[in-house]
Every structure is written in structure tokens, then in C-alpha cells.
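Welcome, and thank you for taking a look at this one with me. Below are some numbered points to read alongside the structure.

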Amino acid sequence: MNDIANGVTLTDAVRVPSVWERGGKTFWRSAAPVVYGLLAGGVLLLLLGKNPAAFYWTTLESGLLTWSGLMQTIIRLAPLLLMSAGFIVAFQAGLWNIGGDGQFLLAAAMVGGLGAYMMGVMPSVIALVLLCIIGFVVGAAWTVVPSVLKAYYGMNEIITSLMMAYLGINLANLLIKGPFLTDQAYVPQTNVIPFNFLMPYLPGTRIHVGIIIALVVLAVVHYIQTRTGYGLRLRVLGANPKAAVHAGISVKRDIITSFALSGGLIGLAAAVEILGVWGYVRADWNPAFGMTLFAIVFLAGLDVMVVIPFVFFFAVIQIGGHEAARQAGLPNDFLLLLVGLILFFMVLTEWARIRNRFSRRRRKQQAQAGAQAEDVVTNG
Amino acid sequence: MDSSVFTTDFFAALITGAILAGMPLLLAALGETISEQAGLLDIGLEGTMLLGAYMGFVVANSTGSSWIGFLAAIVAGMAVNMLMVVFCVYMGRDQIVVGIAILLAMEGLTSLLHAAQFGESYPRLDAVPSYAIPGLSKIPVLGPSAFTQPLIVYIMFALIFLVGWFLYKTNLGLNIRAAGWKPVALDNAGVDVLRIRTIASLMTGALAGLGGGYMAIITAGIFVPFMTGGLGFIAIVIAMLGRGRPVWVFVGSLLFGIALSIATALQLVGINISTDVVQMLPFVTVMIALALFARRSYLPAALATPFVRGQR
């Protein structure tokens with residue numbers, strides 16, 4: 001699945017790509033399907049008797065063009081980017097970590113549950129750092145079972161990480177309704193971390209520092225991917241596991257570490273969202289970022305420089321679309337349909353591109369063959 | 001624990017609940033089994049179920065016939081899986097991405113349609129009549145619960161054996177399994193692999209759509225957005241654990257069905273157990289079983305890989 005699906009061969013995988021050149025190409029290649037998806041969504045809006053222009057304008061306006069909307073988008077970007085970084089690490093090694101939502105929620109529950117208590121017994125800065133580490137560790141720990149089963153027994157990680165996701169979601173609810181339950185609220189939730197103990201804002205804004213953490217993490221992930229031996233090993237592993245074994249790569253160790261790193265970054269995403277925005281976790285809360293990001297990261301070619309604009313766009317749709325849907329009297333879930341449509345068009349344009357490349361090559365070969373034949377006729 | 005708690009009421013409620021919750025799982029997981037055997041990993045199963053549930057409900061509501069509703073659910077499920085056929089079988093695109101796209105699009109679409117159509121009124125379907133099987137329904141506890149069911153339930157029980165017979169004893173079934181295990185061999189034998197996979201995917205759509213329709217028409221009597229609530233994914237897990245054996249798929253579905261309904265049954269006799277704990281049990285059991293007896297999960301060799309003729 002890995003080598004064909006990613007569209008890379010071994011030589012592709014080990015080549016160090018030029019960041020801007022490759023990123024820019026992929027970005028423009030991906031702009032078209034977004035437009036198609038929005039157009040198709042517009043047709044649907046028309047059919048429902050809504051004004052698509054107004055819908056998209058409100059989306060853009062309240063997600064990007066107003067200062068408060070832009071701030072909200074950037075705030076949302078922090079957990080989304082961290083989670084994407086987590087997916088990149090796993091996919092690069094050919095591991096389908098489909099249980100991201102479980103890792104996210106369990107980490108969120110731990111951070112939210114321990115947060116208020118830890119803020120009370122230590123300086124808030126230390127508590128924030130420790131809580132981020134806790135989030136990372138919890139997310140990473142939740143990948144151990146799937147990764148060990150994968151590394152030692154070749155057990156398919158899609159099925160095991162999916163099951164661990166359900167366990168994680170249920171366990172998070174249990175923790176929130178059990179040991180972490182607050183007596184301050186009527187709905188089951190954790191204690192609330194006082195507002196002034198949450199992550200500090202960037203000067204002059206209401207954007208918490210999570211976005212900086214996310215960007216730094218992405219830069220580090222990109223560096224590891226492209227400039228270190230570890231990144232190279234993961235890419236070889238992802239491109240061709242058999243070749244990795246023959247190249248003397250310790251496949252078991254790399255599967256386990258990259259899976260843990262993936263879950264850890266997703267756990268960190270949860271910690272940043274809780275410590276930056278909410279301050280508490282409510283039972284049955286599930287933003288369900290996982291599935292959409294899973295697909296977005298894949299379509300961005302696991303390339304950090306493409307993932308950032310893609311995820312930014314997704315954040316604009318999430319924040320602005322919420323308001324647009326409210327004004328149009330549509331359920332918020334219209335956005336899911338929109339993202340689904342964009343995914344379909346991305347798949348479609350990718351297919352068209354590959355087809356074109358093949359047919360171009362064939363034409364070239366035919367032309368060469370024709371020229372040779374002529375050669376033979378005239379000279380022979 | 002007080003032993004008088006486990007009365008016949010409790011077991012009857014448990015069995016009824018397990019069948020109500022387990023049937024959609026069984027159908028979806030049987031469908032997923034067929035796809036997986038043909039080499040297709042249908043991650044969008046949940047989306048297929050949702051459209052099946054929606055269309056099943058709408059048609060049953062407007063025609064007043066649950067049977068036409070089931071038929072509509074089957075057609076809707078097949079329509080959804082046509083996307084899978086076009087994108088994954090013929091274009092050879094990544095099955096996981098297409099599956100996620102189907103899932104998101106169907107979640108959005110059904111919620112949107114539901115809001116547009118049932119924004120103000122919430123019609124509810126009448127309960128579907130149950131039929132008692134003569135003789136069997138006289139068995140204490142088991143009789144009134146398991147053998148007094150709507151007709152469609154008996155058909156679903158029959159499907160377990162039908163799918164097993166189909167996959168292992170018919171020509172088409174063997175072709176389907178060959179398409180998943182060794183598509184090149186199938187191709188060399190002169191069978192169109194893409195056509196076989198198309199048939200398999202459409203069967204999956206029909207079964208999963210029917211599963212969704214069952215949830216809307218029988219279990220709930222109403223359509224609610226996101227009503228499948230992750231059952232599609234549980235069905236994928238069950239299908240993978242069932243390793244292509246419908247009987248094991250049935251056992252798995254029943255296990256999960258019991259887990260999903262035992263909390264309600266316990267409440268009936270005055271025990272409050274968190275549904276969170278109970279719903280974890282089957283997953284915990286399966287994970288422990290996997291960890292202890294970890295074997296390769298016997299997935300078809302060509303699962304999730306597109307077939308391109310001439311490509312090795």
C-alpha cells in the first residue's frame with residue numbers, strides 16, 4: 001500500500017527535496033480541487049435555496065478578513081498543526097495511525113483533569129510545561145500496544161489503533177466522570193483552570209503561544225524528515241519496509257519510536273488546545289479533528305510546507321463556516337460535506353495528473369520509436 | 001451480588017438489546033468482509049450506513065412500508081459504494097483517503113438533508129410487527145426475545161450462512177477471494193479483477209446500507225444525524241477480526257451488541273454501570289486476545305492495493 005499509495009519510489013524517498021520548490025508545486029497543484037470542491041458545494045447551496053456567494057463571503061469574512069476571526073483561526077490552527085505533525089511522522093514511516101482522536105482525547109482528559117490541581121501546587125509556568133509533557137507522554141503511551149503488535153507480530157495497525165481509539169475515548173470519559181469530576185458544574189467536566197493561568201497570549205493579541213509551539217514543532221519535524229539519519233530511515237521504512245530490513249535498519253525500533261512520536265505530538269496538540277483555549281474538558285467532548293486531518297495530511301504529500309497552508313485553509317473553513325452556516329440557517333455539518341467534496345476533487349485531479357504524465361511519456365516513446373523506424377527505412 | 005438480579009427479565013432485555021444493536025453491526029461487518037476479501041478496505045462504511053439509514057427512513061416514512069424502506073436503504077448503500085468503485089477500483093486511488101472522503105461527505109449530506117426536510121416536524125415510524133417462530137418462541141427467555149422478531153431479522157440471520165456459502169462455495173465468491181488474495185492469478189485466469197471488485201463493493205454497499213436502514217427503521221424508528229455513532233468503524237474491526245469467516249463475524253457482532261446493550265439491561269434490574277465501562281469491554285477483550293495470541297491477522301494479501309494489469 002505504502003509505496004504505490006504515496007506515489008514515491010525509493011529514490012524519490014531518499015532524495016532531499018528543496019523545500020520551496022516542491023512545496024510551491026504541490027500547493028498550486030492542490031488549489032484547483034479546493035476551487036472545484038467549493039463550486040460543487042455552491043451548487044448544493046443553490047439547490048437548497050441558499051445564496052452560495054453570501055455563504056462563502058461570510059466564511060471568508062468571519063474566518064479570515066476580520067481581526068477577531070483571523071485570531072480565532074490562528075488559535076484553532078495550533079492544535080490542528082500539531083496533530084498534522086503527528087500524522088506526518090507516522091505516515092512517513094508507512095504507519096497508518098488512524099486512532100488520532102483517541103490519543104487526542106485521552107491526553108486532553110489527563111491534562112484537563114490534572115491541570116487545576118497542578119496549577120495550585122506549583123508556579124503556573126512550570127505546570128504548563130509539565131502538562132504539555134504529560135499530554136505528549138499520554139498520547140505516546142496510547143500507541144505502544146498497536147506499535148508493538150505491528151513491530152513484533154506484523155499486526156495491522158489500522159485495526160489496532162482504531163480499537164485503541166475507542167478505548168481512549170471511553171477511558172477519557174470515565175476519567176472525566178470519575179476521578180477528575182468537578183463539583184463546581186452541573187454537567188460532568190473537570191475542574192476549571194483559572195483563566196490567568198492558561199497559556200500566555202502573544203503580545204497585542206488574544207492568540208495563545210500554542211501556534212508558536214506548533215510552528216516550531218513542524219520545523220523540527222521537517223528538519224528530522226529531511227536532514228537526519230533517523231528521518232531518512234523512516235522514509236526508507238515507509239517507502240519499502242523490505243528494503244529497510246535489507247539496509248540494516250532496525251525496523252522494530254523505528255516503528256515503535258515513530259508511532260510513539262506520532263501519538264505524542266497528537267497528545268501535545270490536545271494539551272495545547274486545553275491549556276490555551278478551554279481550561280477544562282467536558283465529558284463526551286470530541287472535536288473529531290482526526291479523520292479530516294488524516295486525509296489532508298495525506299493529500300498534502302506529507303510535506304510540511306504544504307500541510308501548513310492546507311490546514312490553515314481548513315481552519316478558516318471551520319471558524320468562518322461555523323458563522324456562515326449559522327447565518328444561512330444550515331447545520332454546521334455542511335462543512336463536513338464541503339471537506340468531503342474537496343477531498344474527492346483532490347483525488348480526482350491527482351488521478352488526472354498521473355494519467356497525463358503517463359500518456360505524455362507514451363507519446364514521447366512512440367515518437368522516438370517512429371523516428372528510429374524512419375531512420376532504419378532511410379539509412380538501411 | 002444478589003443472584004436474584006439475573007432474572008428472566010434481565011436476560012430477555014439483554015438478548016433483545018443485543019439483537020437490536022448487533023444486527024446493523026452484523027450486516028455492515030458482513031459487507032466489509034466481502035470487500036476485504038476482494039482486496040478493498042472500505043473505511044467509508046459508516047458513511048454508507050448513514051445514507052442507507054437516511055434514505056431508508058425517508059422512503060419508509062413516505063410510503064408507509066418498511067420493506068420499500070429497506071429496499072431504498074440497499075439502493076442508497078450501493079449508490080454510495082459506486083464512489084468507492086469509481087475512485088478506488090477503476091482509478092486506483094488510495095482507499096483510505098476515498099473512504100474518509102465518503103465518510104465526511106455522507107455525514108454532512110445526511111445531516112444537511114435531514115435539516116432541510118425535517119427541520120420542523122419529527123415524524124416517527126410505527127413499530128414493525130414481530131413474528132414469533134412457532135415452537136422456538138416457546139423456549140423460556142430465549143423464545144420471546146430471540147425468536148419473536150421482525151421478519152427482516154430472520155432474513156439477516158440467514159444472511160450469515162448465505163454469505164459464508166457465497167464466499168466459499170460459489171464461483172463468484174471464489175473469484176472475490178482471489179481478487180483479494182492473488183489478483184494477478186485471477187487476471188491470468190481470464191477474469192476481470194476490476195469487475196469482481198466492483199461486484200464485491202456493491203454487495204458491501206447493499207449490506208451496509210441495509211444495516212443503516214435497520215437502525216433507522218427498526219431500532220430507532222427515526223433518523224438522527226450521526227446516528228450510526230461509530231458503528232461502521234466497529235464493524236470494520238469485527239470484519240478484520242472475523243478473518244473472512246461469517247460465523248466469526250456473527251460472534252463478534254453479538255459480543256459487541258451485548259456490550260452496547262448490557263448497560264441498559266442492567267439498569268432495568270436496578271444496577272447502574274457506566275456505559276463507558278461496558279463499551280470498553282469488547283475492545284479490551286479483543287486487545288488482550290490479540291496481545292496474548294498475537295498472530296498475523298490473516299488479511300487478504302492485496303488488501304488496500306489497487307489492481308493495475310501488468311503491474312507487479
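1. What radius of gyration does chain A have, and what would a compact globule with 380 residues have? Please keep in mind that this is a predicted model. Chain A has a radius of gyration of 23 Å, and a compact globule with 380 residues would be near 21 Å, so the two agree. Taken along the principal axes, the C-alpha atoms of chain A fill a box of roughly 95 × 60 × 40 Å.

2. Of its 380 residues, 53% are buried. Looking at contacts in chain A between residues at least 6 apart in sequence, you will find that 79% join residues at least 24 apart.

3. Chain B has 12 helices and 2 strands. If you trace chain B along its sequence, the pattern reads α-α-α-α-β-α-β-α-α-α-α-α-α-α. With 312 residues, a compact globule would have a radius of gyration near 20 Å, and chain B agrees because its own value is 20 Å. The C-alpha trace of chain B spans about 65 × 50 × 40 Å along its principal axes.

4. Buried residues account for 54% of the 312 residues in chain B. As for contacts in chain B between residues at least 6 apart in sequence, 78% of these join residues at least 24 apart.

5. Now to the place where the chains meet. How many residues of chain B are in contact with chain A? There are 42 of them, and they touch 43 residues of chain A. On the chain B side, at least two residues each come from α4 (95–117), α10 (231–242) and α12 (275–292). Helix α4(B) gives the largest share, with 15 residues. By class, the side of chain B that touches chain A has 30 nonpolar, 6 polar and 6 charged residues.

6. Back in chain A, a helix pair deserves a visit. Two packed helices are described by the angle between their axes and the distance between the axes. Helix α8 (residues 144–153) of chain A and helix α13 (residues 251–278) of chain A have axes that come within 9 Å and cross at roughly 160 degrees. Angles over 145 degrees count as roughly antiparallel, and α8(A) and α13(A) are therefore roughly antiparallel to each other. The crossing in which α8(A) passes α13(A) is right-handed.

7. Which residues make the contact between α8(A) and α13(A)? From α8(A) come A:Val144, A:Pro146, A:Ser147, A:Val148, A:Lys150, A:Ala151 and A:Tyr152. From α13(A) come A:Lys252, A:Ile255, A:Ile256, A:Phe259 and A:Ala260. The residues of this contact divide into 9 nonpolar, 1 polar and 2 charged.

8. Helix α13(A) also meets helix α11 (residues 229–239) of chain A, and here the axes come within 11 Å and cross at roughly 100 degrees. That makes α11(A) roughly perpendicular to α13(A).

9. Next, have a look at A:Gly168, in helix α9 (residues 157–177) of chain A. Is A:Gly168 buried or exposed? A:Gly168 counts as buried because it has 27 C-beta neighbours inside 10 Å, where 20 or more are needed. Leaving aside neighbours within four places in sequence, A:Gly168 is in contact with A:Gly102, A:Gln103, A:Leu105, A:Leu106 and A:Trp142. A:Gly139 is 29 residues from A:Gly168 in sequence, and their C-alpha atoms are 9.7 Å apart in space.

10. Finally, in chain B, turn to B:Leu231, which has its place in helix α10 of chain B. B:Leu231 is buried, with 25 other C-beta atoms within 10 Å. Not counting residues up to four places away in sequence, B:Leu231 touches B:Pro24, B:Leu25, B:Ala28 and B:Met49. How far from B:Leu231 is B:Leu45, C-alpha to C-alpha? The separation is 9.0 Å, with the two residues 186 residues apart along the chain.

Terms used. Residues are numbered from 1 along each chain as its sequence is written. Chains are lettered from A and ligands numbered from 1 in the order in which they are written. This is a predicted model: local features need pLDDT of at least 70, side-chain atom pairs count only at pLDDT 80 or more; totals for chains, interfaces and linings use all residues. Axes are lines fitted to C-alpha atoms, for helices over the stretch in contact, and angles run from 0 to 180 degrees between N-to-C directions. Helices (H or I, at least four residues) and strands (E, at least two) are DSSP runs, numbered from the N terminus. Angles under 35 degrees count as roughly parallel, over 145 as roughly antiparallel, 65 to 115 as roughly perpendicular and the rest as oblique. A crossing is left-handed if the near helix is turned anticlockwise from the far one by less than a right angle, and right-handed if clockwise. Two residues are in contact if their C-beta atoms, placed from the backbone, lie within 7 Å. Ala, Val, Leu, Ile, Met, Phe, Trp, Tyr, Cys and Pro count as nonpolar, Asp, Glu, Lys and Arg as charged, and the others, Gly among them, as polar. The radius of gyration is taken over C-alpha atoms; the globule rule is 2.2 Å times the number of residues to the power 0.38. A residue is buried if 20 or more other C-beta atoms lie within 10 Å of its own, exposed if 12 or fewer, and partly exposed in between; C-beta atoms are placed from the backbone.
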